[in-house]
Structure formats: C-alpha cells, structure tokens
Amino acid sequence: MGSTVILTVRVRRELKERAERLGINIREVVERALEEAIEEKERERLRRMADELRELLSGVSEEEVVRLIREDRDAR
C-alpha cells in the first residue's frame, strides 16, 4: 500500500451506527466506492476522447491512413 492521507467525511450518525453494528469497515467501503467512481470518470473521459478522435478522423479515408503509416515506417 502506498502512502495515505486522512479524509474527513460527514455522514448521518444513524448511518455510521448502523454500519458499525453490522461490522461494516467504513474505510474499505469508502475507498472501494472512490476507486469505482474514479474508474468510471476515467472511462467516460476516454470515451469522449475516442469520440473526438473518431470525429476528427471521419474525413480521412482508409487509403490515406495506410499511406501515412507506410510513409512513417519508411522514414525510420
């Protein structure tokens, strides 16, 4: 595990007490939820980037892409 930081989060007292009664590890739940939220945002960002790239390349023919790749390979 890497370095950690302390976060302060306010939740309803009743919610915290219920979680404790049920033996729920709040830190683990919060950390897992944060990881999932980050992954989802990263996927959304990648989707948007792919859509933008697809739009930019929509006017380029397949033949042009092949030609440019060959030119790049030949230049090496």
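**Figure 1. The whole chain and its surface.** Accessible areas here come from the Shrake-Rupley method with a 1.4 Å probe, and for residues only the protein chains shown count as cover. On that basis, the accessible surface of the protein comes to about 7800 Å², with 54% of it belonging to carbon and sulfur atoms. This is a predicted model, so to speak of a local feature we need pLDDT of at least 70, and side-chain atom pairs count only at pLDDT 80 or more, while totals for chains, interfaces and linings use all residues. Residues are numbered from 1 along each chain as its sequence is written, and side-chain values use heavy atoms, with hydrogens and water left out. Of the 76 residues, 1% count as buried; for the record, buried means under 20% relative accessible area, exposed over 50%, and partly exposed in between (1.4 Å probe, protein chains only).

Figure 2. Side chains of opposite charge can pair when their charged atoms come close. The cut-off for a salt bridge is a side-chain nitrogen of Lys or Arg within 4 Å of a carboxyl oxygen of Asp or Glu, and a search of the whole structure finds 10 of them. One of these joins Glu14 to Arg12, with the closest N and O atoms 3.8 Å apart. Arg18 comes in too: Arg12, Glu14 and Arg18 are linked in a network of salt bridges. Arg12 sits in the segment before α1. Arg12 counts as exposed at 54% relative accessibility, whereas Glu14 is partly exposed at 37%.

Figure 3. Glu20 and Lys16 meet through their side chains at 2.4 Å, N to O. The two residues lie in helix α1 (residues 13-21), four residues apart, or about one turn of the helix. Glu20 is partly exposed at 44% relative accessibility, and so is Lys16, at 39%.

Figure 4. Over in helix α3 (residues 62-75), Glu64 and Arg67 are three residues apart, so about one helical turn separates them. Their side chains form a salt bridge at 2.5 Å, N to O. Glu64 is partly exposed, at 29% relative accessibility, and Arg67 is partly exposed too, at 36%.

**Figure 5. Two surface patches.** Patches are built from residues with over 30% relative accessible area and no salt bridge, joining like charges within 9 Å and nonpolar side chains (Val, Leu, Ile, Met, Phe, Trp, Tyr) within 5 Å. Glu35, Glu36, Glu39 and Glu42 gather in a negative patch on the surface. Among them, Glu35 is found in helix α2 (residues 26-57) and is partly exposed, with a relative accessible area of 44%. The nonpolar patch takes in Val5, Leu7, Val9, Val11, Leu15, Leu34 and Ile38, with about 680 Å² of accessible area together. One of these, Leu34, lies in helix α2 and counts as partly exposed at 44% relative accessibility.

**Figure 6. The charge tally.** The protein carries 18 positive and 20 negative side chains, and the centres of the two sets lie 8 Å apart. Lys and Arg count as positive and Asp and Glu as negative, with His and the chain ends not counted. Each charge is placed at NZ of Lys, CZ of Arg, CG of Asp or CD of Glu.
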